[in-house]
Amino acid sequence: MSGYLIRRLVTMPFLILGIITITFFLSRVTKGDPLTAIISEQQMSNPEVVAAAKQRWGLDLSLPEQYLVYTGKLLTGDLGTSFTTKRPVLQDLLERLPATLELVIAAMIIGTVLGIALGVLAAYYRNGWLDHGSRLFALVGSSLPVFWSGLGLLFIFSVQLGWLPGPGRLDARLQPPPMITGMITLDTLLAGDLAAFVDALHHLILPAFVLGWTVTGTISRLVRANMLEVLNQEYVLTARAKGAGELRVLLHHALRNTLVPTLTVIGHSFAYLITGAVLTETIFAWPGMGSYAVEAARALDYPAIIGVTVVGGVTFLVTNLLTDIAYMLANPRIRLS
Amino acid sequence: MLKHQDKSLLSVRNLTVGFQVGGVTLDAVRGIDLDVARGEVVGVVGESGSGKSVAMLACLGLVPRTARVAGSVRFQDKELVGMPQSEMRKLRGSRIGMIFQDPLSSLNPVLTIGSQIVEAIRLHQPGISRKQAYDRAVELLDLVSIPQPDRRVSQYPHEFSGGMRQRAMIAMAVANGPDLLIADEPTTALDVTVQAQVLEVLKSLRDRLGLGIVLITHDLGVVAGNVDRVAVIYSGRVVEAAEVGALFRDPRHPYTRGLLSSIPKLDEKRERLFSIEGTPPPLGRRPTGCAFHPRCIYAREVCLKEEPALRLAGASLSACHFADSLEQMPVHQAAAGPETTEVHQ
Amino acid sequence: MASSASVPRRKAPEWLTIPLLVGALVILFWIVVAATIDFWAPYDPLALVGRRLQPPSMAHLLGTDALGRDVLTRTLYGVQYSLPVALGVVVAAVAIGSLLGGIAGFFGGLIGAAIMRLVDITLSFPPVLLAMAVAASLGPGLTNAAIAMVLVWWPVYARLMRGQVLEIREREHVEAAVAGGAGRTRLLFTHILSLCWTPVLINATMDFGQVVLLAASLSFIGLGATPPTPEWGSMVSDGAIHFYQWWIAFGPGFAILTVVLGFNFLGDGLRDMLDPRTH
């Protein structure tokens with residue numbers, strides 16, 4: 001088992017290099033002219049401006065040269081400069097990372113809690129209406145286009161009912177908290193601004209639910225299957241024979257034994273959520289990495305696209321690796337053998 | 001019923017347990033009577049599928065919600081059949097302890113032995129602190145002869161040997177000083193030498209704590225020398241009940257006789273062990289008349305038609321039409337092809 | 001051995017489950033719409049047929065959009081883009097993936113290793129991001145979006161196919177001794193075909209829905225279909241601009257949901273039906 005882990009660790013750098021290579025060549029083998037994203041149409045007819053721009057952005061070099069320069073820069077943490085914001089991509093991304101993290105973590109919590117609760121209930125009331133209902137809810141969640149369900153829920157809860165605020169992270173009339181972690185819910189708490197915290201939380205609920213719903217199905221399905229198996233185990237009978245109540249039997253004895261495999265699927269869902277955030281952020285005007293990626297793709301801003309894809313790919317890889325490590329640590333039988 | 005006990009601890013009367021299968025109720029237990037007194041070990045013997053475990057689980061309300069339980073189970077003057085789960089929970093694990101066949105699968109693999117015993121204690125004595133309960137768990141492990149209990153208490157079940165696991169299970173079952181212990185095949189999954197140790201632990205607990213014990217087993221060999229009285233169960237009914245000595249000396253039911261002759265004996269050299277041919281009828285495929293007749297080497301016409309009642313024969317209660325005359329009965333050699341066990345219903 | 005007896009639960013034709021039936025009906029509905037819509041469409045999907053931004057009425061059941069086109073008509077026409085794109089992407093991904101995975105499993109060696117490394121790298125991208133990056137590089141358009149999705153999807157099937165081939169080859173060694181020579185290759189292929197179609201079919205059915213979803217997402221971002229194509233994703237995108245006219249986005253979004261849900265149900269049902277392990 002640890003041999004497998006070492007092999008995973010060793011192949012990591014190669015996979016990351018592969019990610020960089022693929023994204024680089026993708027962005028350069030292109031039909032659209034990246035110059036159009038840098039300079040205006042009128043200036044395109046001016047050869048001097050074009051040449052200057054090409055030189056400035058390194059577009060005058062041959063492809064292999066551009067690749068070497070780019071990879072070399074990446075290794076020093078330089079993701080290049082965005083065509084549109086004219087700022088280092090890394091700086092742009094770091095600035096937007098906390099918003100994405102905040103959204104994804106909140107979505108993860110909602111998705112996990114819902115998924116586990118539905119899975120447990122579905123297993124306990126196997127083949128009852130609750131079982132079928134939770135299966136339907138989960139399947140709908142993984143079939144919903146978030147860019148549509150987000151709109152719909154915004155319309156219902158914000159416009160029609162007025163229960164929740166519209167897009168964004170904080171009411172415009174409120175003073176944003178001093179930036180510490182970059183996650184507004186945390187920063188408002190740290191600043192001791194309770195009103196702003198409640199408002200930030202209200203803003204977070206809808207996008208986090210929309211995103212979290214998409215992974216509920218994967219989690220609840222796994223939890224249900226594992227719970228069904230565990231509930232047939234003799235130690236569940238032992239727990240009942242001890243005089244434990246049903247809730248205690250379900251949560252303390254049965255669910256605990258399903259947590260290790262559940263942890264794996266939660267970890268992989270986390271990676272999935274990072275990409276799901278792309279569309280959710282767009283709908284909710286959430287200033288994270290996802291909406292940055294969409295803006296970059298729309299503007300054919302190649303350094304930004306590559307940057308966000310590389311960072312997304314590496315995050316994906318690392319999250320999955322950490323999940324597998326956590327899986328091994330969490331399982332006492334594997335840990336000790 | 002069997003020698004009326006003055007201070008009967010558990011008294012089961014006409015217990016019936018049925019399961020709903022495809023709209024039909026199939027009875028797994030069909031009117032069982034059983035008594036257990038303080039300080040007494042009662043053996044409940046039968047093949048797997050005979051309903052012996054289901055009967056005892058039903059006493060504790062541990063059968064699925066869909067199961068139908070009827071009859072009467074009195075425990076210390078409380079009626080357990082129909083008792084609300086919330087009240088039943090107070091009895092389980094405190095007044096009545098239970099242990100199961102496979103100690104590996106009956107202990108929770110992700111919790112330490114200690115925390116599982118602590119849980120058993122604190123569920124019923126919430127006033128005890130975690131620390132006190134932990135000390136008590138160490139004492140209990142010591143009581144069931146687990147070496148180095150203070151170290152063992154914080155280990156996981158997979159770090160224990162099979163015999164130690166079963167002793168830990170026993171420690172957990174007696175954690176709150178119960179009056180009754182139900183042991184469901186406690187030795188079946190263990191090696192022969194370890195079996196003896198576990199049975200020894202059970203008997204010493206009976207002596208020290210004055211427990212009443214129900215020992216469920218499929219092996220009459222386990223019963224010999226370890227119990228006071230025996231009830232033999234076949235197809236959901238008691239077919240013979242007697243003091244253990246009488247049962248071994250003078251069995252009054254063909255099934256008991258079959259079971260007895262399948263016990264290996266040290267003083268006899270036989271080519272191969274005798275065993276009863278065929279298998280017990282599955283639920284819903286119970287033959288007419290005496291449920292045992294397809295496998296019975298004495299079966300007669302009447303056995304196919306009438307189900308015999310339990311009645312006194314010699315020193316036993318036996319449910320056989322020929323309980324008084326088994327000695328003189330001719331035996332047919334070719335009893336019991338599996339085809340005779342096919343659907344009668 | 002403890003409590004309940006084993007209980008036969010399901011009745012009659014065991015494979016005919018409600019999800020399978022519902023999924024099949026929904027997909028059938030959309031296929032019929034795609035094939036016949038030209039004959040009974042209430043309006044021309046591209047024509048301006050009424051006042052702009054009209055709420056649902058008897059004349060326009062789902063209202064009109066920002067240009068005065070009938071939303072219901074456009075929604076129904078949308079399936080003519082979604083299903084063919086999904087079909088193309090899945091078929092191409094299965095073909096390419098199976099071929100490369102088959103080669104990797106069959107020949108192994110350097111080629112096999114190279115293919116599988118490419119698979120590993122591709123699979124280590126978050127799918128949506130990679131598809132976005134590829135689609136952006138190729139430029140907007142439904143065909144380019146489809147190519148991007150094939151590039152994202154083929155490795156799944158390569159991995160699946162390689163695993164199957166390796167497993168079959170393992171067993172094959174025994175039987176090969178009997179068959180010998182030219183018969184061996186043919187035997188291998190018949191085995192592969194007979195054994196692989198189940199997992200591939202289940203996966204492909206589920207993926208149909210996911211491709212529809214991703215294609216719509218790319219169009220929503222502006223990397224897929226271009227106006228005035230009545231594609232569902234770009235229609236929802238129009239609806240997002242006119243947020244308060246909810247009906248513009250409702251139809252196309254609901255259509256996506258039904259198609260994806262239909263394929264998920266169908267795949268789920270197929271898995272129950274074909275995969276003995278789930279019983």
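Before we start, one term: a residue counts as buried if 20 or more other C-beta atoms lie within 10 Å of its own. Also keep in mind that this is a predicted model.

Select chain C to begin. With that cut-off, 48% of its 279 residues are buried. Switch to a cartoon view and you'll find 8 helices and 0 strands in chain C. Read from the N terminus, its elements go α-α-α-α-α-α-α-α. How do the parts of chain C meet each other? Take the contacts in chain C with a separation of 6 or more: 68% of them join residues 24 or more positions apart.

Now show chain A as well and look at where the two chains touch. Here 38 residues of chain C are in contact with 41 residues of chain A. On the chain C side, the elements giving two or more residues are α3 (109-123), α4 (127-138), α6 (182-221), α7 (232-241) and α8 (247-274). Which of these gives the largest share? Colour α4(C): it supplies 10 residues, the largest share of that side. Next, colour that side of chain C by class, and you get 28 nonpolar, 9 polar and 1 charged residues.

Last stop: chain A. An unreviewed UniProt entry places "transmembrane region" features there at several spans, including residues 6-26 and 204-223. Select residues 6-26 of chain A: this span is 100% helix, and its end C-alpha atoms are 31 Å apart. Then jump to residues 204-223 of chain A, again 100% helix and 0% strand, with end C-alpha atoms 26 Å apart.

Key
Residues numbered from 1 in each chain as written. Chains lettered and ligands numbered in written order. Predicted model: local features only at pLDDT ≥ 70, side-chain atom pairs only at ≥ 80, totals over all residues. UniProt positions renumbered as here; feature names shortened; annotations may be inferred. Helix = DSSP H or I, 4+ residues; strand = E, 2+ residues; numbered from the N terminus. Buried ≥ 20, exposed ≤ 12 C-beta atoms within 10 Å, placed from the backbone. Contact = placed C-beta atoms within 7 Å. Nonpolar A, V, L, I, M, F, W, Y, C, P; charged D, E, K, R; others polar.
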